[in-house]
Amino acid sequence: MNSTLLPSAKLAPQFHVPKEVPSTFYPSHLLLGQDRVVNSFKLMSKLTGQHFFLADFPGIDRADFIEALCSQVDTPTDQFLVATKSSGEESAVNFKWQPQRPPENVGTIAKQQSLFCYLQGQIKRHDLLGKMQKTDKSSQYKAGALASNHFVFICLHSIWKREGLWELLLQILSDSEYRINQELAPIPLNCKIILVGSGLSYSHLKNEDRFFSQHFPLLGEISYELDLTKHSESQYVQWLATLANKQGIELEPSSILPLLWYSARLAEHQQRLSLSMLDMRLLITQAKALSPISSLMPNSNSINSNAVANALAQMKYRHNSSEVYSAQSFDDNFINLPTEGAMVGQINGLTVIDSSDYSYGEPARITTSVHYGDGEVADIERKSELGGNIHTKGMMILSACLYRIFGRDAPLHLNANIVFEQSYQEIDGDSASLAEYCCLMSAIAEQPILQSLALTGALDQFGNVQAIGGVNEKIEGFFNLCARRGLTGDQGVIIPKANVLQLNLEPEVITAVSDGKFHIYAIEHMDEAVELLMALPAGVANEDNDFPPETLYGMVQQRLDRLAGQDDDVELGFIARLLAKLRII
């Protein structure tokens, strides 16, 4: 058996699914894998004058996460804001916070008894500070968030875009007090401020604003995935069940495996699961709405595996219109891409089409032509301004590999042109560099490449094959094309071995691999790729850097020698023979 051929057991994660779903739920269950954030938040609650920045990501439900986070600290004692007169000046009135309830004859200005609040959207000054409400006979202070809550969470984007309010907040933190108006004494700041935004915003503010660094030294970055080597599937199921419970939904045991599969697919790793609360909640609520049980039993609030599978199928159906149109172009032969036979200087690469809400794989035909020249490997995509910077970097590395093997002692008298055929949009990334290298070898050696195999991988200068992105989508894209045309048992894909832990393929792909109708090869070096594609040994150079003539690299070397005019079998012309007789050459 080929050592690079992957068994079906490695094509998807293997989970230890608990037999029962938890029936008790606490807010703290939503903090699974968030030890870094919890520890930082607890530290902030014990420090004076140091506030907190919570760095989240778009998949977090801020309201639920904040509630769970605040449940991890001891509830602070209620505080009362009272007015006191200064001993030196009878008319001067100051405000102070005290934990004791004031006597009945002493007016209470504000009560700080709410644990937390979250401000977002159109935040106004009085939302933070409060305001004076005037009546016919008197004025009364209506407390804002700073005087009513122990922890005030503020959406960074909502306050940062209002420059005056942002400067006001920093001034309050610097003075440790704020004024409602000029007539009243300042009110001491007696709460913790927690800004909620992205990690990128935190880095920007820390570098650009020294006052920000002074007041928000504590950072808590929310983890977006769970490492199953440190946590168990049972803990994650508790997290899922708590999410579902907040929506009034109950998870049946059969629903757990497809939910884990989807979560691992989001994380793009066999040993990690997504902590995107919004993505998982959307799937759960959609499964409930599409559940056959719901139509038969309207009062049922549970979902099973069929409901989750139906929701996933419907989700794909809503977003895959571009993929369907792409498939039609292949099926109608508008796009030329053979999946059988062998051809010289042509190879099937694998690409990913990304949009904001959906990604899918699409095979791409790469061709190479070679001729006598000065050693340039030309990237037609770059010259036509359709290639990105990273793609250009991959082409340069490809050229470095070529010169490392064949151009150590003398320049190469070869020019090559490499292009993605029928590609009309920008191409970026270095994941095609392995395919381009193999195609170049085929063109130089004039050896055909199997069109039943497609490949992806990024090269380094020493020929090692490195990991790429979108491996599942790439494999499924080529498999779907082959399946529509009919699986022959010869078709398959070649991927970097470094990507094996990211494999999480659709069941039909795994079934085809198990039945021997489709093959997935995982390689570590470019020589393994050319041997699979051209059914020839790559070859090992001797001490003179010469390759055996029957190997692929030997054939490449012979072709390069001919281009350089070093072929001993070439017949000399009349003038050359005359000069040779005269011993001039």
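Tutor: A residue counts as buried when its relative accessible area is under 20%, as exposed when it is over 50%, and as partly exposed in between, using a 1.4 Å probe and protein chains only. This is a predicted model, in which local features need pLDDT of at least 70 and side-chain atom pairs count only at pLDDT 80 or more, while totals for chains, interfaces and linings use all residues. Residues are numbered from 1 along each chain as its sequence is written, and side-chain values use heavy atoms, leaving out hydrogens and water.

Student: Is Cys70 buried or exposed, and what is its relative accessible area?

Tutor: Cys70 belongs to the buried class. The value computed for the relative accessible area of Cys70 is 1%.

Student: How many disulfides does the structure hold?

Tutor: A disulfide is a covalent bond between the sulfur atoms of two cysteines. Here the term is applied to a pair of cysteine sulfur atoms within 2.5 Å. By that rule, the number of disulfides in the structure is zero.

Student: How far is the sulfur of Cys191 from the closest cysteine sulfur?

Tutor: Cys191 is buried, with a relative accessible area of 7%. The closest cysteine sulfur belongs to Cys117, and the separation is too far for a bond, because the distance is 8.1 Å.

Student: What is the order of the strands in the open sheet of five strands?

Tutor: Strands (E, at least two residues) and helices (H or I, at least four) are DSSP runs numbered from the N terminus, and two strands pair if DSSP finds at least two bridges between them. In this open sheet the pairing is parallel, and the five strands follow the order 5-8-11-1-12.

Student: Which are the edge strands of that sheet?

Tutor: An edge strand here pairs on one side only. The two are strand 5 (114–119) and strand 12 (218–221).

Student: Which residue in strand 12 stands opposite Phe53?

Tutor: Strand 1 (residues 52–56) pairs with strand 12 in the parallel sense over four bridges. The residue of strand 12 opposite Phe53 is Leu219.

Student: Glu506 is buried yet has no salt bridge, so which is the nearest side chain of opposite charge?

Tutor: A salt bridge needs a side-chain nitrogen of Lys or Arg within 4 Å of a carboxyl oxygen of Asp or Glu; Lys and Arg count as positive and Asp and Glu as negative, while His and the chain ends are not counted. Glu506 is found in the loop between strand 26 (492–496) and helix 19 (507–514). At 4.7 Å from Glu506, the nearest side chain of opposite charge is Lys316.
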